[in-house]
Amino acid sequence: MSSRDPKVFVTQVPSRRDVQSGLWVPTVNIAPAEQYGEVVTILPPGSQFFAAAETTRLIKNRLHELDYQQGDFLLPLGNPVIMAVASAIAARRSNGCLNVLVWDRHSSSYVSYELENLY
């Protein structure tokens, strides 16, 4: 594991297209995840994939480019296929360990779960 600070990898930020501007507008606030590290997004809003092999290749490449490492966090949001593929690849890159952030609406904050021995 490197000496860099942890990052938070968001699979994709749930968003809607603004009718007037045509821009994607987030529908959730991921700023509270910043307490766990620098927040980076794996795929842009609105990304849809119909070919599993293409989805897997793209996510694998992005996690490599963004330097996903053991000790980083995954914040699974958006398309369920993207969340599943990113989780599997991240666990593989970190020797079967995965730190997952989950929103707790009672505390209005993200809670970290450390998953081990995933394979």
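What follows is a short chat about salt bridges, a helix, a hairpin and a surface patch.

Me: Before I start, what kind of model is this?
Reply: It is a predicted model.

Me: OK. How many salt bridges are there?
Reply: The count comes to five.

Me: Which residue does R4 form a salt bridge with, D67 for one? How far apart are the closest N and O atoms?
Reply: R4 does pair with D67, and their closest N and O atoms are 3.2 Å apart. The pair links distant parts of the chain. R4 is in the segment before β1, and D67 is in the loop between α1 and β5. They are 63 residues apart.

Me: And what is the N to O distance between R4 and D72?
Reply: The closest N and O atoms of that salt bridge are 2.7 Å apart. D72 is in the loop between α1 and β5 and R4 in the segment before β1, so this pair ties together parts 68 residues apart in sequence.

Me: Is D72 buried or exposed?
Reply: D72 is buried, because its relative accessible area is 2%, under the 20% cut-off. D67 is partly exposed at 30%. R4 is partly exposed too, at 24%. Salt bridges that share partners join R4, D67 and D72 into one network.

Me: Switching to helix α1. What joins the side chains of R62 and E65?
Reply: A salt bridge, 3.3 Å from N to O. The two are three residues apart in helix α1, so about one helical turn separates them. R62 is partly exposed at 24%. E65 is exposed at 55%.

Me: Where is T55, then?
Reply: T55 is also in helix α1, which covers residues 52-65. T55 counts as buried because its relative accessibility is 2%.

Me: What is T55 in contact with, leaving aside neighbours within four places in sequence?
Reply: F49, V81, I82 and V85.

Me: Now the hairpin. How many bridges join β6 to β7?
Reply: Seven, and the strands run antiparallel. Strand β6 spans residues 98-104, and β7 spans 109-115. D104 stands opposite S109 in β7.

Me: Which residue takes a positive phi there?
Reply: S108, with phi near 50°. The hairpin has four residues between its strands.

Me: Last one. Which residues form the nonpolar patch on the surface?
Reply: V102, Y113, L115, L118 and Y119. Together they have about 500 Å² of accessible area. L115 sits in β7 and counts as partly exposed, at 35% relative accessibility.

Methods: Residues are numbered from 1 along each chain as its sequence is written. This is a predicted model: local features need pLDDT of at least 70, side-chain atom pairs count only at pLDDT 80 or more; totals for chains, interfaces and linings use all residues. Side-chain values use heavy atoms; hydrogens and water are left out. Patches are made of residues with over 30% relative accessible area and no salt bridge: like charges are joined within 9 Å, nonpolar side chains (Val, Leu, Ile, Met, Phe, Trp, Tyr) within 5 Å. Accessible areas come from the Shrake-Rupley method with a 1.4 Å probe; for residues, only the protein chains shown count as cover. A salt bridge is a side-chain nitrogen of Lys or Arg within 4 Å of a carboxyl oxygen of Asp or Glu. Buried means under 20% relative accessible area, exposed over 50%, partly exposed in between (1.4 Å probe, protein chains only). Contact means heavy atoms within 4.5 Å. Two strands pair if DSSP finds at least two bridges between them.
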